[in-house]
Amino acid sequence: MNSPLLIHPKRIAIDGPAASGKGTLARRLALHFSLPHLDTGLLYRAVGAQCLERGALEDEAASVEIARALDISHLNPEALRSAGIGEAASVVAARPGVRTALLELQRHFAAQPGGAVLDGRDIGTVICPDAPAKLFVTATPEVRAQRRFSELEGRGEITSLETVLADIRKRDARDSGRSDAPLAMAEDAALLDTSNLGIEAAFAAALSLVEQALRA
Ligand code: CDP
């Protein structure tokens, strides 16, 4: 029997490839619903960054150890957004031991009583397969490269659009091709293509899809 006092947690899972706009949408949705938000890419970025600092990116055992010891209360998003760290994140994220080490803390975050918003690559498929609202946010590689290029330029990183596009294609291939938790759209996710949408239009579309899913 349904109790009128039973409040369903608003768990919102957002996945998609690099620079698809999922991070911005996740932040905006979290603000809208007053929910906690976890950018799970930052976890892999933090592990990648520590591996780079130690000169140990090729050392799988070291990356697993770093992932196990990760303290999410001390993540510095600004310092982790560089292109080099994004690349290192994608390398360590392909290692099953690293993914296993980060699994429980993500599930724990998602299980907060009122709900939570998580964004990443495997949220709807592996971390929260039972989330009531799932979005898969995408855009063409060219549009994503332009967005990432502007973001990196804004941070003062010197690069070219061609380099960024090549990096995005390489990262897409690595993220989609790995055997453990590859980037994939969950069967019950709603697809949102932001190629031709500005931030406001993309947010309006995302909100409408999420509200629809939460009502269902
Ligand atoms: O912001 P961007 O989309 O470039 O990347 P990110 O979300 O910060 O993630 C960086 C890298 O971490 C990705 O290329 C993935 O390889 C990995 N990642 C993952 O494997 N699983 C997640 N849930 C989140 C990120």
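1. How many disulfides does the structure hold? The structure holds 0 disulfides, a disulfide being a pair of cysteine sulfur atoms within 2.5 Å. In general terms, such a link is a covalent bond between the sulfur atoms of two cysteines. Cys51 counts as buried because its relative accessibility is 0%, and Cys128 counts as buried because its relative accessibility is 4%; buried means under 20% relative accessible area, exposed means over 50%, and partly exposed lies in between, with a 1.4 Å probe and protein chains only.

2. Please keep in mind that this is a predicted model, in which local features need pLDDT of at least 70 and side-chain atom pairs count only at pLDDT 80 or more, while totals for chains, interfaces and linings use all residues. Residues are numbered from 1 along each chain as its sequence is written, and side-chain values use heavy atoms, with hydrogens and water left out.

3. Strand β1 (residues 10-15) runs parallel to β3 over 6 bridges, with Asp15 standing opposite Gly120. Strand β2 (residues 37-39) is also parallel to β3, joined to it by 3 bridges, and Asp39 has Asp119 as its bridge partner.

4. The largest nonpolar core has 30 residues, and Val47, Val98, Leu102 and Leu118 have the most contacts inside it; a nonpolar core is a set of buried Ala, Val, Leu, Ile, Met, Phe, Trp, Tyr and Cys residues joined through side-chain atoms within 4.5 Å. Among the elements that give two or more residues to this core are α2 (41-54), α6 (96-110) and β3, and α2 gives the most, with 7 residues. A second, separate core of 18 residues includes Leu29, Ala133, Leu192 and Ala202.

5. Lastly, a charge and a ring deserve a look. Arg28 lies over the face of Phe203, at 4.3 Å from the ring centre, under a rule that asks for NZ of Lys or CZ of Arg within 6 Å of the ring centre and within 35 degrees of the ring normal.

Technical notes: Two strands pair if DSSP finds at least two bridges between them. Helices (H or I, at least four residues) and strands (E, at least two) are DSSP runs, numbered from the N terminus.
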